[in-house]
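Biologist: Could you walk me through this model and tell me how each term is decided? I'd like to set the values against their definitions.

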Amino acid sequence: MFILSYIRKLLYSDLNKTNTEKILRQVRKLDWEDPAVAAYTVKCLKNVHNLKYFNIRYVASLLAGLVQYQDWLAVDIIDSVLEETRLGMESLNHKTNQRRTAMVKFLGEMYNYRLVDSGLIFKVLYSLITFGVVLDTEVSLTSLDPPEHMVRLR
């Protein structure tokens, strides 16, 4: 379908600092009533790990502009980012390090654009620090946080 490749081109290829407003206007013109187009656009906005790391901030800017017209969009994407962050903490797969880092960066950029509040950011940071940590020395070590594992330091 042509419209799906157009959405992918807008978000993954064309989006940069100079044309964020132009792409916002183009994305706003999409047929948001069509469930396939809306679902694919949301899917592309959620998958910020497919972007260059520096361009994640422009997706957050685009999302901040879209939320004024599609208020349900922020809840869906924020929920997805939080879920992806949680899943990243639960798995020790080194192949998904870049994906985890991109999601946390996207969450921070959404905070910069006031899409999430500081309470949520502190809860996620606390969760990143304490998830899978066992402080009792008498209990055997958990497999979620082995001593040689350095994923959360990043």
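Modeller: Gladly! Accessible areas come from the Shrake-Rupley method with a 1.4 Å probe. By that method the protein has an accessible surface of about 9600 Å², and carbon and sulfur atoms hold 55% of it. This is a predicted model, where local features need pLDDT of at least 70 and side-chain atom pairs count only at pLDDT 80 or more, while totals for chains, interfaces and linings use all residues. Residues are numbered from 1 along each chain as its sequence is written, and side-chain values use heavy atoms, leaving out hydrogens and water.

Biologist: What makes up the secondary structure of the protein?

Modeller: Seven helices and zero strands, where helices are DSSP runs of H or I with at least four residues and strands are runs of E with at least two, numbered from the N terminus.

Biologist: Why are α2 and α4 called oblique to each other?

Modeller: Helix α2 (residues 20-28) and helix α4 (residues 56-67) pack at about 50 degrees, their axes 10 Å apart. Angles under 35 degrees count as roughly parallel, over 145 as roughly antiparallel, 65 to 115 as roughly perpendicular and the rest as oblique. The pair α2 and α4 is therefore oblique.

Biologist: Which residues make the contact?

Modeller: With contact meaning heavy atoms within 4.5 Å, α2 brings Thr20, Ile23, Leu24, Val27 and Arg28, and α4 brings Tyr58, Ser61, Leu62, Gly65 and Leu66.

Biologist: How much of the protein is buried?

Modeller: Buried residues, those under 20% relative accessible area, make up 41% of the 154 residues.

Technical notes
Axes fitted to C-alpha atoms, helices over the stretch in contact; angles between N-to-C directions. Buried < 20%, exposed > 50% of the residue type's maximum accessible area, 1.4 Å probe, protein only.
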